[in-house]
2 protein chains.
Amino acid sequence: MSIRIGILGYGNLGKGVESAVCQNPDMELTAIFTRRNPETLRVRTKDVKVLHIDALEQMREELDVLILCGGSATDLPEQTPKYASMYNVVDSFDTHANIPAHFAAVDAQAKKGGKVGIISCGWDPGMFSLNRLYANAILPDGHDYTFWGKGVSQGHSDAIRRIPGVKDARQYTIPVPEAVEAVRNGLNPELSTRQKHTRECFVVAEAGADRNVIENEIKTMPNYFADYDTTVHFITEEEMAKEHGGLPHGGCVIRTGKTGMEREHSHVIEYQLTLDSNPEFTGAVITAYARAAFRMNQEGQTGCKTVFDVAPAYLSAKSGEELRGHLL
Amino acid sequence: MSIRIGILGYGNLGKGVESAVCQNPDMELTAIFTRRNPETLRVRTKDVKVLHIDALEQMREELDVLILCGGSATDLPEQTPKYASMYNVVDSFDTHANIPAHFAAVDAQAKKGGKVGIISCGWDPGMFSLNRLYANAILPDGHDYTFWGKGVSQGHSDAIRRIPGVKDARQYTIPVPEAVEAVRNGLNPELSTRQKHTRECFVVAEAGADRNVIENEIKTMPNYFADYDTTVHFITEEEMAKEHGGLPHGGCVIRTGKTGMEREHSHVIEYQLTLDSNPEFTGAVITAYARAAFRMNQEGQTGCKTVFDVAPAYLSAKSGEELRGHLL
């Protein structure tokens, strides 16, 4: 019997989850839920139901896992606890500072409902977090580094779009190659914000806008750009559509550490992602954790979990025997 | 209270575990067990007991986890099941084809004794296996590649040493850079054995030995060298001691895969290790899994486990709150 999946929210991430569910033969997409008028949604999976979010009040018998594809700012803090009392849920909550509060809220509701809620799945938080944990457990005497990119930062692109005279914008975060190289070589550099990443911006200006003013506004924007070496390119709408339509991303987590009675040996552990589509890869990770949520709940577990609490075997559709035979 | 660790076997791996236990403040090394005369062992940890293996019959109250540091050929198939009935145990059993039988034997004894036995910990099997599993679960539509090296292969070095006229030898396994590059670029190449790795051998010949004969014996040796491009260098004993005294190793696991309703997006997941000391890194991994074995058993779990069955949080000395706050 397939694992019956519901998706709440049909933006980039919801679409990424949709395509991931298609690739997993042990799952079926039962319904997509939206706050919009369901009739306005054009979904790509054939014959899937599209329902208003209110329908979730009566779907408990029809879904095994509800995947929450809203934003971390306002959607998930409300939705994940609420639906964890009714469904096994998975989300990609990524506001690091608020994870403890979100965990507590989801834990209380999931326990009340006898369900499992797995929060903060994706690649960071998610696969990057896992790699930080494994590497720290193996090499307690060491240093952690995380580099992001080259990839599109949606938050930074949005910040540029809010500047008067800007019609469209895309911002790429790029690791400084010399910094990554120094870390890989075990030099344990102390790196400032500016030394770790650069920011490259592609901007479509409105006709008549002063490009120097826009460029200055970007480069001096506190938090977003002021602490970085930032490059600004003005391009046409056609160039934007043709060359910057995708949402690539990636990055790496590196831990360097020492072993030996005299700390005489050095080691480097590196985990690296190169992603054509950030939302589709994130969706693929969440979908694997949806399988885990279902199986853990079937075994009687309840409450809030993170990637740290999920034994890897739960993520795979293969049996323990198959995994030991082919992947160990 | 510290986790009380025993080590059985004091070769390279036992010494690697010893130095790893020193680095983990929540553990203490209670005793080292050996089949040799304990008085002949010079151990590096101050004031640690050195006992004959027979003493393990009466140490159940004094150890929380016994780490088995013997070889996969003859030691572990006998020792791991035997001691799993008395202790929580961890081993690095690495004969891939025999893992199912080893698992079954350890599982039966561990369940009988109410203990946890974690087998096949290290980096391959171990961390590489984990990364194959995670990457397969995330990208079901994709290709797996594993490259080993650059590093010393002990088995291949031993095979050279058995050739008449060879006094000492060290063999390095080296990934073919073009093959790794093609995989990273998502080309999904079909690679023969010869196209994936080369083998470089450093040999000290006995006085008067025919070097051409030795070189030919190496290069034509079935299974070990015949299927590879192999280079042989003859060096002096001094050069061997000075330049080839270490046991470095490493490698990478890469999975490339597609997502999207039209398979239109490509992704690359790579996990890479660069290790100065293979036995110390392997020892560090096993030691982290010793912590997991102890904690899982404290929660009432029993039986045989692999890295696939161990939730990552069990590996860390930190609490769930600390992990969520700092590493997620």
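1. In this predicted model, chain A and chain B bury about 5,700 Å² between them, and carbon and sulfur atoms account for 66% of that area. Within the area that chain A buries against chain B, Met261(A), Arg324(A) and Leu328(A) supply 14%, more than any other three residues.

2. The contact draws on 64 residues from chain A and 64 residues from chain B. As to polar interactions, 23 residue pairs are in polar contact between chain A and chain B, with both residues at pLDDT 80 or more. The count of salt bridges between the two chains is zero.

3. Several elements of chain A give two or more residues to the side that touches chain B. The helices concerned are helix 1 (12-22), helix 3 (99-113), helix 4 (127-138), helix 10 (278-298) and helix 11 (320-326); the strands are strand 12 (249-259) and strand 13 (265-275). Strand 13 of chain A gives the most, with eleven residues.

4. By residue class, the side of chain A that touches chain B comprises 33 nonpolar, 19 polar and twelve charged residues.

Methods: Residues are numbered from 1 along each chain as its sequence is written. Chains are lettered from A and ligands numbered from 1 in the order in which they are written. This is a predicted model: local features need pLDDT of at least 70, side-chain atom pairs count only at pLDDT 80 or more; totals for chains, interfaces and linings use all residues. Side-chain values use heavy atoms; hydrogens and water are left out. Contact means heavy atoms within 4.5 Å. Buried area is the accessible area (1.4 Å probe) that two parts lose on being put together, summed over both. A salt bridge is a side-chain nitrogen of Lys or Arg within 4 Å of a carboxyl oxygen of Asp or Glu. A polar contact is a pair of N or O atoms within 3.5 Å; within protein, one must be able to donate a hydrogen and the other to accept it, and residues adjacent in sequence count only if both atoms are side-chain atoms. Helices (H or I, at least four residues) and strands (E, at least two) are DSSP runs, numbered from the N terminus. Ala, Val, Leu, Ile, Met, Phe, Trp, Tyr, Cys and Pro count as nonpolar, Asp, Glu, Lys and Arg as charged, and the others, Gly among them, as polar.
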